[in-house]
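Reader: I'm new to this kind of picture. Could you show me how to read the place where two chains meet?

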Amino acid sequence: MAKHHISFNLNGKPVEALVEPRELLVHTIRENIQLTGTHIGCETSHCGVCTVDLNGKSVKSCTVLAVQADGGDVLTVEGLATAEGLHAVQQAFVEEHGLQCGFCTPAMLVRAYRFLQDNPDPSEDEIRWGMSGNLCRCTGYQNIIKAVQSAAKKLQQA
Amino acid sequence: MITSQFQYHKASSIEDAIQKLQNEEDAKLLAGGHSLLPMMKLRFAEPPYLIDINDIPELQGIDLQGDTIRIGAMTTENELIASEILQQHCPLLVEAAKLVADPQVRNRGTIGGDIVHGDPGNDHPAVMLALDANFIIQGPDGKREQPANGFFLGTYWNEIAEDEILVAIEVKAQKDNQGFGYHKLKRKTGDYAVAGSPVMLTLDGDKCSDIRIGLTNVAPMAIRATEAENLLKGQEIDSALIEKAAEQVIAACEPAEDLRGSSEYKSHMAAEMVRRSIQDALQRARS
């Protein structure tokens with residue numbers, strides 16, 4: 001099967017890959033580019049642990065073909081922190097204990113980041129609705145919601 | 001999980017996609033991919049050729065012309081929710097889209113994909129029946145119009161040929177004497193409906209001059225509860241009449257038993273969704 005040469009921006013840096021059409025974006029990110037913050041869970045677009053930002057929208061990278069990211073902008077959890085330190089969303093998850101085992105956390109962070117870009121001053125109901133595509137098998141939702149609320153406040157003050 | 005091997009083509013136009021559908025054996029269109037790709041990963045589907053229609057401009061956008069709203073088939077669920085035209089003129093579609101899957105899936109999943117895929121659990125088919133929508137379908141010989149009523153023939157079976165593409169959906173703007181209701185019972189976010197019911201009701205004074213009741217996931221495909229509709233049409237709707245209609249809904253359902261419940265349970269839940277949707281539709285049509 002003919003491979004496709006693709007290039008896209010990953011966390012602000014240009015990357016290239018040679019992919020089969022059936023290669024999923026999450027596989028390119030984890031195995032080809034070796035950024036393993038983005039996780040694989042259910043692989044059938046239910047659990048949300050593979051969530052990344054594609055062209056400014058949250059998507060499940062297990063259900064997007066790598067060829068579909070060609071020419072696009074991708075953000076993963078590795079792109080959140082800067083030289084100055086953790087992103088406000090990450091800091092809020094630390095302070096509010098927004099994680100237990102941590103498996104769902106990278107996707108929670110990337111989703112929370114995009115959700116707060118779209119809705120900087122959300123109500124609790126809006127947060128629950130906006131984060132509803134991400135499962136936490138530890139069921140630690142309460143502190144995840146608190147962390148998103150806290151991050152919203154921090155980002156508004158910044 | 002990895003799919004079988006396939007060739008990938010990004011279509012540049014509707015004509016390009018139709019040509020590939022004609023020339024490539026067993027080719028499938030790739031819309032949002034959130035039904036097709038999971039099926040391919042589980043090897044329930046192994047198309048040798050995928051035609052990606054995500055970058056075709058003619059399949060995008062929502063316009064209002066006169067009292068007709070035209071929705072490009074590749075409009076995503078989140079674009080439906082965000083559309084001011086739909087919020088104002090077709091709120092049923094907005095409320096239905098809000099209950100489809102989850103935020104990430106709604107960024108990729110499209111109204112056209114949901115309609116044509118053919119899974120009885122998909123939400124838009126019954127909504128299209130309630131809205132009396134019209135589909136614009138294009139094939140090698142040009143465009144044709146196809147009413148939603150009569151499009152859904154069975155599970156993964158619609159009134160569309162192998163080399164045709166759903167291009168757009170047309171619905172009428174809601175009038176002042178109309179009201180909608182939408183209720184969907186699901187076990188959790190992202191699940192298909194146990195049962196769902198979109199309802200569109202028109203009042204003439206106190207009487208119901210027209211009503212369309214769609215039913216999701218209680219038959220091999222989306223259906224209308226026509227016997228229940230006939231009971232209500234021309235009548236002043238009260239709770240006794242809604243009860244009689246609910247009995248007709250139960251009789252119209254033939255759901256498959258699965259982890260979401262028994263056939264009897266699902267039929268009764270469908271009736272309850274219809275009761276609630278009619279109440280909401282009545283209230284909205286009156287105000």
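Author: Gladly! Buried area is the accessible area (1.4 Å probe) that two parts lose on being put together, summed over both. The size of an interface is often given this way. Here, in a predicted model, local features need pLDDT of at least 70 and side-chain atom pairs count only at pLDDT 80 or more, while totals for chains, interfaces and linings use all residues. Residues are numbered from 1 along each chain as written, chains are lettered from A, and side-chain values use heavy atoms, without hydrogens and water.

Reader: How much area do chain B and chain A bury between them?

Author: About 2,600 Å², with 57% of it on carbon and sulfur atoms. Contact means heavy atoms within 4.5 Å, and 31 residues of chain B and 30 residues of chain A take part.

Reader: Which residues form a salt bridge?

Author: A salt bridge puts a side-chain nitrogen of Lys or Arg within 4 Å of a carboxyl oxygen of Asp or Glu. The count between the two chains is one: B:Asp102 pairs with A:Lys60, their closest N and O atoms being 2.5 Å apart.

Reader: Which element gives the largest share of chain B's side?

Author: Helices (H or I, at least four residues) and strands (E, at least two) are DSSP runs, numbered from the N terminus. Elements of chain B that give two or more residues to the side touching chain A include strand S1 (7–10) and helix H6 (103–108). The largest share, six residues, comes from H6(B).
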